[in-house]
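User: I would like a close look at a single part of the structure below, followed by its surroundings. Please keep to computed values.

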Amino acid sequence: MNGMHILIADPDRDFLLSYKTLLELSENSVQTAFDGTQVIEKLASERFDAVILNESIPRIRYSEIVKVLREDNIPVLVISERAADTTVMSIRLPFMPVELTEKLAALQSRGQQNG
């Protein structure tokens, strides 16, 4: 998994900073957003290879953002505190950094198969 352009959306700024750093160390370019409005603005101005989206993102429901991502054919990984949403790839809190990178690799390979 190399060279993805990723958007991470989570209301927890410490989480964003640590995982942005982790993903950049894996040769990805990473943008961050703290709420749903910022996600929509960034999606309007940039093309992302994948989006990591916390289901508790404020201002716009994550399910509405997922609809936009599906329309634009952008893979999404939803971070969840409860049972996984079976309609999207998800990762349940708490998780280890390696689990996140494995899920992103799966998203990337799924996207290459669909593209």
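Which residues point one way from strand E4 and which the other way, and are they buried or exposed?

Analyst: Val-76, Val-78 and Ser-80 point one way from E4, Leu-77 and Ile-79 point the other way, and all are buried. Buried stands for under 20% relative accessible area, exposed for over 50%, and partly exposed for the range in between, with a 1.4 Å probe and protein chains only. In a regular strand, side chains alternate between the two faces of the sheet. With five of its five residues buried, E4 is largely enclosed by the rest of the structure.

The basis is as follows. This is a predicted model, in which local features need pLDDT of at least 70 and side-chain atom pairs count only at pLDDT 80 or more, while totals for chains, interfaces and linings use all residues. Residues are numbered from 1 along each chain as its sequence is written, and side-chain values use heavy atoms, with hydrogens and water left out.

The protein has four helices and five strands, arranged from the N terminus as β-α-β-α-β-α-β-β-α. These elements are DSSP runs numbered from the N terminus: helices are H or I with at least four residues, strands are E with at least two. Of the 115 residues of the protein, 41% count as buried. The accessible surface comes to about 6,400 Å², and carbon and sulfur atoms hold 48% of that; the areas come from the Shrake-Rupley method with a 1.4 Å probe, and for residues only the protein chains shown count as cover.

E4 covers residues 76-80 and belongs to an open sheet of five strands in the order E2-E1-E3-E4-E5, with parallel pairing. Strands count as paired if DSSP finds at least two bridges between them. Strand E2 (29-33) and strand E5 (89-92) are at the edges with a single partner strand each, so one side of each has no neighbour in the sheet. On average, neighbouring strands of this sheet are turned by 20° against each other, direction ignored.

E4 has a partner on either side in that order. Towards E5, the two strands pair in the parallel sense over four bridges, with Val-78 opposite Ser-90 in E5. Towards E3, four bridges join the parallel strands. Two of the facing positions are Ile-52 opposite Leu-77 in E4 and Val-51 opposite Val-76 in E4.

Four bridges join E3 to the parallel strand E1, and the bridge partner of Ala-9 is Leu-53 in E3.

Helix H3 (residues 62-71) packs on the sheet and touches E3 and E4, where contact stands for heavy atoms within 4.5 Å. The direction of H3 makes about 170° with that of E3. Axes are lines fitted to C-alpha atoms, for helices over the stretch in contact, and angles run from 0 to 180 degrees between N-to-C directions.

The axes of helix H2 and H3 come within 10 Å and cross at roughly 10°. That makes H2 roughly parallel to H3, a label for angles under 35 degrees; over 145 counts as roughly antiparallel, 65 to 115 as roughly perpendicular and the rest as oblique. H2 contributes Gly-36, Val-39, Ile-40 and Leu-43 to the contact, and H3 contributes Ile-65, Val-68 and Leu-69. By class, the contact has six nonpolar residues, one polar and no charged. Nonpolar covers Ala, Val, Leu, Ile, Met, Phe, Trp, Tyr, Cys and Pro, charged covers Asp, Glu, Lys and Arg, and the others, Gly among them, are polar.

The loop between H3 and E4 contains Asp-72, which is partly exposed at a relative accessible area of 39%. Asp-72 and Arg-47 are 25 residues apart along the chain, and their C-alpha atoms are separated by 9.3 Å. For the protein, residues 24 or more positions apart account for 56% of the contacts with a separation of 6 or more.
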